Amino acid sequence: MGWKTFLLICAAFAILLVAVRAEQRAEPKSYQWAMQMVEYCEELADSFERLESYHKSVAKQCRQARQKRLAELHERLADEHDRVADRLNELQEAYERLAKELRR
């Protein structure tokens, strides 16, 4: 995995954040829409958690193969995926609160 792949993943992460923030600024349509966003955030968070796990295992393999630089890169990717998953979980909670308010 080279720098190009790392940069591609970082760019995808940036696009995801821009999309999520743009979605946050949009007017909520209904309770059903808010619940769909809850499910969407949950699915995305699960995906990023799986990616985090993958990069941790690859980092471990790289350390065993004495490829220190690759191991460091995979550890950084794992950390970033963990941060994204945490933010998506926070976003999911916000949409749950929104859904609760819209239901009233």
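User: Which helix does Glu-52 lie in, and what makes a stretch of residues count as a helix?

Analyst: Glu-52 lies in helix α2, which covers residues 31-64; helices are DSSP runs (H or I) of at least four residues, and strands are runs (E) of at least two, numbered from the N terminus. This is a predicted model, in which local features need pLDDT of at least 70 and side-chain atom pairs count only at pLDDT 80 or more, while totals for chains, interfaces and linings use all residues. Residues are numbered from 1 along each chain as its sequence is written, and side-chain values use heavy atoms, with hydrogens and water left out. The protein chain has 3 helices and 0 strands, and its pattern along the sequence is α-α-α.

User: Why is Glu-52 called buried?

Analyst: Buried means under 20% relative accessible area, exposed means over 50%, and partly exposed lies in between (1.4 Å probe, protein chains only). Glu-52 has a relative accessible area of 12%, so Glu-52 is called buried. Leaving aside neighbours within four places in sequence, Glu-52 is in contact with Ala-78, His-81 and Asp-82, where contact means heavy atoms within 4.5 Å.

User: How do you know whether Gln-92 is buried or exposed?

Analyst: Gln-92, which is in helix α3, has a relative accessible area of 11%, and therefore counts as buried. Apart from neighbours within four places in sequence, Gln-92 is in contact with Val-38, Cys-41 and Glu-42.

User: Why are α2 and α3 called roughly antiparallel?

Analyst: The two helices α2 and α3 pack at an angle of about 165°, with their axes 7 Å apart. Axes are lines fitted to C-alpha atoms, for helices over the stretch in contact, and angles run from 0 to 180 degrees between N-to-C directions. Angles under 35 degrees count as roughly parallel, over 145 as roughly antiparallel, 65 to 115 as roughly perpendicular, and the rest as oblique. The pair α2 and α3 is therefore roughly antiparallel.

User: What makes a set of residues a nonpolar core, and which residues have the most contacts inside the largest one?

Analyst: A nonpolar core is a set of buried Ala, Val, Leu, Ile, Met, Phe, Trp, Tyr and Cys residues joined through side-chain atoms within 4.5 Å. The largest nonpolar core has 16 residues, and those with the most contacts inside it are Leu-16, Trp-33, Phe-48, Val-84, Leu-88, Leu-91 and Tyr-95. Helices α1 (3-25), α2 and α3 (68-103) each supply at least two residues of this core, and the largest share, 8 residues, comes from α2.
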